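The entries follow in the order in which I made them.

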Amino acid sequence: MKQHNFSAGPSILPHTVIEKASKSVLNLNNTGLSILEISHRSKGFVDIINEARKLTKELLNIPNEYEVLFLQGGASLQFYMCALNIAQSSGTGGYIDTGTWSTKAIKEAKKVRKIIIAASSKEDAYTHIPKNVILNEKIDYLHFTSNNTIYGTQFHDFSKLSDIAKSTGAKLICDMSSDIFSKEFNLQSFDLIYAGAQKNIGPAGTTLVIIKKSILEERNNLPTYLNYKTHIDKESMFNTPPVFSIYVAMLTLRWIKNLGGLSIIEKNNNKKAKIMYAEIDRNPLFSGIVNIEDRSIMNATFSLNNKKLETRFDAMCHSAGISGIKGHRSVGGYRASMYNALSIDSVSVLIEVMKQLERIA
Ligand code: PMP
């Protein structure tokens, strides 16, 4: 039975993309070779990575002064790499602490810099986006996580942080792992964006990095692999790139483009989130976990008010073919991840199960 895949990541990919990718595992574009066995220097792959780069630029409206990279090491390596590479004047990085992933970014950055926490919602168990940003010293950059995959909170407006960065001369850095390509936004407010692929981009294995070249300085003392300039100079081919992951990312970006781009994707995502949260709020058995105004469009976190009903709800979800809605172990409850490829029909199936539980409980 085809599952309704609510997994937080790796997560659902468009069915047509998986079909095409599986055909290409056997025979890539009638070459008689599998995508898994071609050289990354072959024309076949160079065309693929060039198209992935071009589609990223087109969909996100990226001007020429930025570089698009497909790296490895996940978003987790970027926590360290961005702190290491950004040109230093004060030496300090400012961070917005919104839970697990930003906390990890802070931990890594501390290894190479002084950092300050400019805002945090830790005291409230990360159930909202902190609104008060306080910078009591000069910072080189301001880092935040646009969507908090585990807690289910999201920055819906980047303008405040972008204004702060502009007025203080700080670069703006964002971990967009779980909401890039989910909506339109003004990329030019950012100096560096990174995102692990395994949500809205493609399968795990590659990490998208979008970087304004002018924020880097000549730093020959950095480890070669950890220097963005290495990858810029070699067009993401300094060493063997994750060929399959980049290929499927390219197919997924083509799928987004063919649907009509990010404005259509955004509309679909808003529709799904709207009906999902409406049911969480309407159904007396369930409660949302985070503040309403900061709820994520991608990851809806909620819990059953009566924990004793969990076993029954889990069994009903299982029979309906609903997969991957258990909340992260650090938060508990449930999490419905509604990435781009998840259809509104899958959300409706989950809502129907929630209603059914209400009828029989
Ligand atoms: N940041 C966010 C927002 C994430 O959701 C994740 C993983 N789910 C990460 C960073 C870590 O990504 P990776 O596993 O690619 O290192």
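Entry 1. I began with strand 9 (residues 192-196) and strand 10, which run antiparallel and are joined by five bridges. Strands here are DSSP runs of E with at least two residues, helices are runs of H or I with at least four residues, and both are numbered from the N terminus. Two strands count as paired if DSSP finds at least two bridges between them. Within this pair, I found isoleucine 193 opposite isoleucine 210 of strand 10.

Entry 2. I noted the basis of the work. This is a predicted model, in which local features need pLDDT of at least 70, side-chain atom pairs count only at pLDDT 80 or more, and totals for chains, interfaces and linings use all residues. Residues are numbered from 1 along each chain as its sequence is written, and side-chain values use heavy atoms, with hydrogens and water left out.

Entry 3. Strand 2 (residues 66-71) runs antiparallel to strand 10, and six bridges join them. Glutamate 67 has isoleucine 211 as its bridge partner in strand 10. Buried means under 20% relative accessible area, exposed over 50%, and partly exposed in between, with a 1.4 Å probe and protein chains only.

Entry 4. I returned to strand 9 and asked which way its side chains point. Leu192, Tyr194 and Gly196 point one way, Ile193 and Ala195 the other way, and all are buried. In a regular strand the side chains alternate between the two faces of the sheet. Strand 8 (residues 171-175) pairs with strand 9 in the parallel sense over three bridges. Isoleucine 173 has leucine 192 as its bridge partner in strand 9.

Entry 5. I then examined histidine 143, which lies in strand 5 (residues 141-145). Histidine 143 has 0% relative accessibility and therefore counts as buried. Leaving aside residues up to four places away in sequence, its contacts (heavy atoms within 4.5 Å) include Ile173, Asp175 and Tyr194.

Entry 6. Last, I looked up the whole chain, which has ten helices and 14 strands. Of its 361 residues, 57% count as buried. Among contacts between residues at least 6 apart in sequence, 69% join residues at least 24 apart. The C-alpha atoms fill a box of roughly 65 × 60 × 30 Å, taken along the principal axes.
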